[in-house]
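The points are numbered for reference.

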Amino acid sequence: MIQSRRPFTKYLAKLFDLCVLTSAFVSAGLVLSHGMTLTEFMAIRIKLGNFLLFGLLLILWHTLFVICGLYASKRLTTVWASILEVCKATSLTAVVLIVLIKIFRIHLGTPRFVILFWVFCAAGMISGRLAARLLLLALRRRGRNIRFILIVGTNHRAIDFAQQVARHPELGYEIVGFVDDDWSGFHKFQATDLIRCCTFSGLPDFLRHTVVDEAAMYLPLRSYYEHAAQFVSLCEQHGIAIRFDSQIFNLKNSASDAHDWEMSQVLATSGSADIWPAIVKRVFDCIVSGALLILLAPVFIVVGFLVKCTSPGSILFRQTRVGLNKRQFQIYKFRTMIANAEQVQDKLLSMNEMDGPVFKIANDPRVTPLGKVLRKTSIDELPQLFNVLKGEMSLVGPRAMSLRDYQLFDQDWQRRRFSVKPGITCLWQVNGRSSIPFEQWMELDMQYIDKWSLWLDLKILAQTVPAVWRGTGAA
């Protein structure tokens, strides 16, 4: 399943550029129309052949933009390099326009028209990209759109990369540390203010307890192949994206652009390569959770009143859960237990009926009489709709694990379940919930991640209703 929002922004950029191209073409025509109003200009009859020709132009221009790399990731590209790319690409569009004007003898296509078109096109695309950068910068200053990156290696290229990231906070990267063993040149790394978070032997444990979205590899493959292979395998198990140094093979004749230090990226996660289902999933989550929160508002009021009246304590139960890439968030539920339930849990560990790190008791003495009804009907789960609306959860996804349960995981392959957003319901819920063993639960989560589709989400949602009605496995 795709977690990065990059493909979504790429499609938005493509749509924006097509709108700019069309607007630039119309604006250039209006300027040269000698006082003609926009209404009069739009009233001009357009022949089918002209319409098809303009459609061909848009396709050619779009293809040129793709070839010029305008839609590759620009997170690590400087402003001036991005502006230069746009100027080069729009200049090529003007050349294509001139060629088609000559071939089809377009009356409107004067030199002034082409120049105006290029100016409007370049100005519009550059303005749009600058506005997007400013918006992203504002979001990143507020802690949004931040990517936590781990750097593997401590050679000069790794250090240069880290220093450039530090000089450009607008990129939205936060370095969590470096991974490397001692080597002959390690003293140069120690002379900097950079921090080695762990050696290769400590890397598995570090990944288990740290939020890492991406890893940048700066290891010389020839001498560190085994370390590199082990690292890639670990990233795959945890669902972490991997960036490889463009000079990883030390190509002496390969020229690098001083203005653009983007590295090629290989995703170690499995899932769909199509972004549109992921976009639809998020839109669906927002619409459904928002609608349900409005429709179920009376239920929230009644249940909240009953919880408050039947037992002392707060109405909502808040607990730290582990979400996407091990980010921690506060989950919301209606309180179904006594107020100090988490403190009492340690005294009940011997009564645990689940294998693995999960704690479940069929007749948990901490559950209140009303809580039993709320759990049986899954009404206690409804406040999680707020988590879905906030983007911390999805309607469908692996169940959000508590911090205590996560810390008891003993196999790294199970942690790949945290490479996607947790959900209110998933295959585990519709296949028996607490009645199935922990190992099978984890396998169902992996099955969901590997076979994810919109149809699977809809199928799980449809199966959730009868599962809740039966109360199968509820505890």
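1. The count comes to 14 aromatic pairs, where rings of Phe, Tyr and Trp (its six-membered ring) pair if their centres lie within 6.5 Å, with planes under 30 degrees apart counted as stacked, over 60 as edge-to-face and the rest as tilted. The model is predicted: local features need pLDDT of at least 70 and side-chain atom pairs pLDDT 80 or more, whereas totals for chains, interfaces and linings use all residues. Residues are numbered from 1 along each chain as its sequence is written, and side-chain values use heavy atoms, without hydrogens and water.

2. Phe25 and Phe113 are edge-to-face, because their ring centres lie 5.1 Å apart and their planes stand at 85°. This pair joins helix H1 to helix H5 across 88 residues (helices, H or I, of at least four residues and strands, E, of at least two are DSSP runs, numbered from the N terminus). Phe113 has a relative accessible area of 1% and is therefore buried (buried is under 20%, exposed over 50%, partly exposed in between; 1.4 Å probe, protein chains only).

3. Phe161 and Tyr218 form a tilted pair, at 5.5 Å centre to centre and 40° between the planes. Phe161 lies in helix H6 and Tyr218 in the loop between strand S4 and helix H9, 57 residues apart; both are buried.

4. One aromatic cluster comprises Tyr406, Phe409, Phe418, Trp428, Phe438 and Trp441. Over the ring of Phe418 sits the charged end of Arg417, 5.2 Å from the ring centre (the rule asks for NZ of Lys or CZ of Arg within 6 Å of the centre and within 35 degrees of the ring normal).
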